[in-house]
Amino acid sequence: MRAADPIRWPDGKQSAAAFTFDVDAESAVLWNAPENAGRMSVMSHQAYGPLVGVPRLLTLLDHHQIRSTFFVPGYTAHRYPGIVRDIARAGHEIAHHGYLHEQPSAIDLAGQIANLDRGLEALAEVAGVRPVGYRAPMWDLSWETPALLAERGFLYDSSLMDADVPYELSILPGSEKSIVEIPIQWALDDWEQYCFLPDISGSGLIETPAKARALWTSEFEGLHEEGGCWVLTNHPFLSGRPGRAKHLGELMADVMATKGVWVASLEEIATHTRSLDLAPRSIVRPEL
Ligand code: ZN
């Protein structure tokens with residue numbers, strides 16, 4: 001087994017970059033702890049994302065002329081249909097992120113199938129969208145997920161961490177059938193920098209936007225130099241706050257101004273990767 005080889009980017013570009021957003025809202029703190037619904041302040045912390053964060057971030061993306069990917073749980077689509085339609089109307093990609101933000105690795109096969117199909121139905125019903133992309137809630141893919149995605153016609157997943165560039169992932173070890181995998185990493189997620197919810201998430205230490213931006217910039221510089229694919233993941237309930245959004249906007253300007261970077265949605269990156277006709281790569285589950 002070896003890591004994916006460097007890939008050729010369009011128009012002679014040196015690297016790729018994507019700004020992505022997970023519109024978790026309430027779902028992320030409800031699926032395995034429904035009692036959190038009784039905590040009005042916690043619910044409001046999460047609701048800030050769709051209510052205030054998303055409109056601010058849409059303005060920011062429009063200002064920088066960036067097409068982004070928004071991963072939307074079906075529950076968010078049902079609770080905030082107008083906001084999800086606004087995202088689609090602004091021309092961004094809407095992708096699948098479970099129904100109630102369920103962690104695939106913690107659920108049996110029948111449950112995983114039900115959540116995938118329920119999420120698809122919600123996005124179709126609310127936004128008229130059939131997503132081509134999927135991101136596992138908590139980035140916690142199960143070994144069954146790739147085949148379930150392929151059966152439903154998905155083009156790509158973005159939840160694994162074993163490469164610097166996208167690759168074709170065999171849906172089962174040895175299979176010629178594949179989906180595109182666009183790797184992510186925890187250092188490029190705003191949750192670890194900003195999220196603090198008493199008794200639910202975080203240590204209580206909330207980092208400054210300047211520190212988060214420095215971390216994300218250092219990963220960007222390294223990946224750009226090596227021809228990689230930089231995928232930043234932000235949550236509107238966190239990075240939609242004014243001070244953080246300001247720094248995120250400055251980071252967008254920096255990335256857009258870097259020579260040789262292809263800034264695109266994950267759908268565009270996956271479509272390009274598929275066009276390269278790469279040999280699928282198998283990942284084998286460790287046997288104990
Ligand atoms: Zn999420």
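Glu-26 is buried, at 1% relative accessible area (buried means under 20%, exposed over 50%, partly exposed in between; 1.4 Å probe, protein chains only). The model is predicted; local features need pLDDT of at least 70, side-chain atom pairs count only at pLDDT 80 or more, and totals for chains, interfaces and linings use all residues. Residues are numbered from 1 along each chain as its sequence is written, and side-chain values use heavy atoms, with hydrogens and water left out.

The side chain of Glu-26 forms a salt bridge with that of Arg-79 (2.9 Å, N to O). A salt bridge is a side-chain nitrogen of Lys or Arg within 4 Å of a carboxyl oxygen of Asp or Glu. Glu-26 lies in the loop between S1 and H1 and Arg-79 in helix H2 (residues 74-79), so the pair ties together parts 53 residues apart in sequence. Helices (H or I, at least four residues) and strands (E, at least two) are DSSP runs, numbered from the N terminus. Arg-79 is partly exposed, at 46%.

The whole structure holds 14 salt bridges. Among them, Asp-199 pairs with Arg-39 at 3.7 Å, N to O. Asp-199 is exposed, at 75% relative accessibility. Arg-39 is partly exposed, at 30%. A network of salt bridges links Arg-213, Lys-246, Glu-250 and Asp-254.

Asp-24 is buried, at 1% relative accessible area. His-101 is also buried, at 3%.
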